[in-house]
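Dear colleague,

I am passing on the structure we spoke of, with the sequence and coordinates placed just below. My notes on what was found in it follow, and I would be glad if you read them with the model open beside you.

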Amino acid sequence: MNKPRRLQITNYRAASHWGKLLLALLTAFAFIFPIQTALAQGPTPTDDEVNRIAKQLYCPVCESTPLDVCPTEACRQWRDLIRTMLAEGKSEEEIQQYFVAQYGARVLAEPPNRLATYLVPAVAILLGAFLLFRGFQMWMKPVTADEDETEQTAKPAQDPYVARLEEELKKQK
Amino acid sequence: MTETSIPAPRRGVPIWVQIIIWVFLVGLLAIVAMGLQRAQQGTVQPGQVIDNFTLSLFSGYEMDGKSEIHLEDLRGKVVVINFWASWCKPCEQEAAELQQAWTEYEPTGQVLFLGVDYVDTEPEARVYLKKFGITYPNGPDLATRISQYFRIKGVPETYFVDQDGVLQYVQVGPFTSIDQIRAQIDPLIK
């Protein structure tokens, strides 16, 4: 009679032991998993954090409106995506790269930082300034007397009819 | 006695400067004209052979296990290219009709529907596709290359390309009935 009772007690203890272990594991998981998830996702980004990136982007659907103030549904979705990516721990640069890959470089408020982007306008402006400067310089410079005479004497030689006419006029005088 | 001072004659702008300035101005005008022409051009027109493009497909919306579609591989089939977006309300009007038409034509093997998701986010696009039970190949218009080639003016727009790769019809705006879709596809099936 005692044996079964003892066995029962032993079984109860064993069950209690495993139960405690299971409970401890579950408790540990319950604490660890939310912490891990929270660490992976990070805190929910604020509107300011989202808008800091959004104002550097333009949705192709609403071309002249920056993403941070654009009221359309498409832009709201883009802002949500930025929020999600920030929560996933993506950097500002990574998010911009993703948007460029998905929608093209035209979504950027500033053109991509390439040498030609800045070099071509700078060279064009310098070349234009040089041409204008040289043009005005030569235009404003008075013609010297020698050059004027040369031009005067050169003209009749260029046109035989004019030369003849001038000759006739001289004779009449 | 009044003395009139005759100003010294000035040189004219040298000819090479004039030429460069005129070339620059003409070039500038040409660029502006090209931009204006492109803006007023509208979509690609029927009769034009559509150049090859590649459409990356969403997972779950691949074609024969391929995650990319090249238009040139689809010669011999009528291709219906539908531009849509999850944020586009008029697109929802035609979503069911398009899927119904795809269900009708898919068994023939002569027609292929392609959904090109324009300026959209993938999570929202997937919600839309699931909502309307769309099963034909779909993918994002990466870097808006495809929509720029077709010069779309908005969504939805649908392009019907025949077996030889020639554009036959452009539907701007949503279809209002499945008969509208059939009316474009049936004459193209040889």
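This is a predicted model, and confidence is therefore where I begin: the pLDDT of chain A averages 78, with 69% of the residues scoring at least 70.

As to its fold, chain A has seven helices and zero strands, so that, read from the N terminus on, the order of its elements is α-α-α-α-α-α-α. Of the 173 residues in chain A, 12% are buried. Where contacts in chain A join residues at least 6 apart in sequence, 48% of them link residues at least 24 apart.

Turning to the interface, 19 residues of chain B are in contact with 22 residues of chain A. On the side of chain B that touches chain A, the largest share, three residues, is supplied by helix α1 of chain B, which spans residues 15-41. By residue class, that side of chain B consists of 13 nonpolar, three polar and three charged residues.

Two of them fall in the loop between β5 and α4 of chain B, where both B:A143 and B:T144 are found; strand β5 covers residues 138-140, and helix α4 covers residues 145-150. B:A143 has a positive phi of about 60°, although this residue is not a glycine, and B:T144, likewise not a glycine, has a positive phi of about 50°.

Are these two residues buried, partly exposed or exposed? B:A143 counts as partly exposed because 16 C-beta neighbours lie inside 10 Å, a number between the limits of 12 or fewer for an exposed residue and 20 or more for a buried one.

B:P156 itself is placed in the loop between α4 and β6 of chain B, the latter strand running over residues 157-161.

With best regards

Note on methods:
Residues are numbered from 1 along each chain as its sequence is written. Chains are lettered from A and ligands numbered from 1 in the order in which they are written. This is a predicted model: local features need pLDDT of at least 70, side-chain atom pairs count only at pLDDT 80 or more; totals for chains, interfaces and linings use all residues. Helices (H or I, at least four residues) and strands (E, at least two) are DSSP runs, numbered from the N terminus. Two residues are in contact if their C-beta atoms, placed from the backbone, lie within 7 Å. Ala, Val, Leu, Ile, Met, Phe, Trp, Tyr, Cys and Pro count as nonpolar, Asp, Glu, Lys and Arg as charged, and the others, Gly among them, as polar. pLDDT is the predictor's confidence in each residue, from 0 to 100.
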